[in-house]
Amino acid sequence: MTDPAMSDNNGRSRDTRALVSWNLAALGAGFAWFAYIDAPITDAAMWLFAAAVLVALLSLIAALVGGEAVAPVRRARARRVALLLFVAALTLLLATATLTLNLKGTASDDNDTQTSAVSRA
């Protein structure tokens, strides 16, 4: 016989899986962005990214704990906390990505990439 908490009939397992999937997707996208981007990454951007990862992991934990809760009130409270933490993590990830985009091309090694030079003789 199957466990009723594991079935999709009551919807809480499906909601938990969806929230966990969204958290993991946001984390994966954040790590992929920093692996892909070719821009100077400041300490502030890395601190923001570390905060985003921490908040996303807390959201992941809250979603998993809420999915295992038996009482509907505790389940709803944990889901609200997980959703708020997910929104905060997504906001931090987007702020970090925007910060790295604003810094793109400001490095000093871009000075020698000109294809033509003006000479005044």
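How many helices and how many strands does the protein chain have? In this predicted model, in which local features need pLDDT of at least 70, side-chain atom pairs count only at pLDDT 80 or more, and totals for chains, interfaces and linings use all residues, the protein chain has three helices and zero strands, where helices (H or I, at least four residues) and strands (E, at least two) are DSSP runs numbered from the N terminus. Residues are numbered from 1 along each chain as its sequence is written, and side-chain values use heavy atoms, with hydrogens and water left out.

Along the sequence the pattern reads α-α-α. Of the 121 residues in the protein chain, 28% are buried, a term that stands for under 20% relative accessible area, with exposed over 50% and partly exposed in between (1.4 Å probe, protein chains only). Among contacts (heavy atoms within 4.5 Å) between residues at least 6 apart in sequence, 75% join residues at least 24 apart.

Thr100 lies in helix 3, which covers residues 72-103, and it counts as buried because its relative accessibility is 0%. Leaving aside neighbours within four places in sequence, Thr100 is in contact with Trp33, Phe34, Ala39, Ile41 and Ala45. The side chains of Thr100 and Trp33 are also joined by a polar contact of 3.1 Å, that is, a pair of N or O atoms within 3.5 Å, of which, within protein, one must be able to donate a hydrogen and the other to accept it, residues adjacent in sequence counting only if both atoms are side-chain atoms.

Ala44 belongs to helix 2, residues 43-68, and counts as partly exposed because its relative accessibility is 47%. The C-alpha atoms of Ala44 and Leu99 are separated by 9.0 Å, with the two residues 55 apart along the chain.
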